[in-house]
Amino acid sequence: MVASLHQAPLGFEIALVTADVPALYARAVKAGATAVSEPATKPWGQTRATCAIKDGHLVELCTPLP
């Protein structure tokens, strides 16, 4: 999903901090969330993933910052 000035807003994004991003991501997708970006470890050491819930809002799942 990409935000655009020519389309309706995407809504909002919320971030949930968890110790196990891959497990929570898999659980969210299994429960019906749409996969947006799979779990990946960023250069700064944090693991992040994003999914969209049925109303289109984005949910970021992330580990605590190191």
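The exercises below work through a predicted model of one protein, each with a solution in steps.

Residues are numbered from 1 along each chain as its sequence is written. In this predicted model, local features need pLDDT of at least 70, side-chain atom pairs count only at pLDDT 80 or more, and totals for chains, interfaces and linings use all residues, while side-chain values use heavy atoms, with hydrogens and water left out.

**Exercise 1. State which elements the protein has and in what order they run.**

Step 1. Helices (H or I, at least four residues) and strands (E, at least two) are DSSP runs, numbered from the N terminus. The protein has one helix and four strands.

Step 2. Read from the N terminus, the order is β-α-β-β-β.

Step 3. Of the 66 residues, 27% are buried, where buried means under 20% relative accessible area, exposed over 50%, and partly exposed in between (1.4 Å probe, protein chains only).

Step 4. The protein exposes about 4700 Å², and carbon and sulfur atoms supply 61% of that area. Accessible areas come from the Shrake-Rupley method with a 1.4 Å probe; for residues, only the protein chains shown count as cover.

**Exercise 2. Work out where Q46 lies and what its side chain meets.**

Step 1. Q46 is in the loop between β2 and β3 (47–52).

Step 2. Q46 counts as buried because its relative accessible area is 8%.

Step 3. The side chains of Q46 and W44 are joined by a polar contact of 3.1 Å. A polar atom of the Q46 side chain also lies 2.8 Å from the backbone oxygen of T63.

Step 4. Not counting residues up to four places away in sequence, Q46 touches several residues, among them A40, C62 and P66.

**Exercise 3. Decide whether E38 is buried or exposed, and name what it touches.**

Step 1. E38 belongs to strand β2 (residues 34–41).

Step 2. With 61% relative accessibility, E38 is exposed.

Step 3. E38 and C51 are 13 residues apart in sequence, and their C-alpha atoms are 8.2 Å apart in space. C51 is buried, at 2% relative accessibility.

Step 4. Leaving out residues up to four places away in sequence, E38 touches Y25, R48 and A49.

**Exercise 4. Find how many disulfides the structure holds.**

Step 1. A disulfide is a covalent bond between the sulfur atoms of two cysteines. The criterion is a pair of cysteine sulfur atoms within 2.5 Å.

Step 2. A search of the whole structure finds zero disulfides.

Step 3. C62 is a buried cysteine, at 5% relative accessibility.

Notes
Contact means heavy atoms within 4.5 Å. A polar contact is a pair of N or O atoms within 3.5 Å; within protein, one must be able to donate a hydrogen and the other to accept it, and residues adjacent in sequence count only if both atoms are side-chain atoms.
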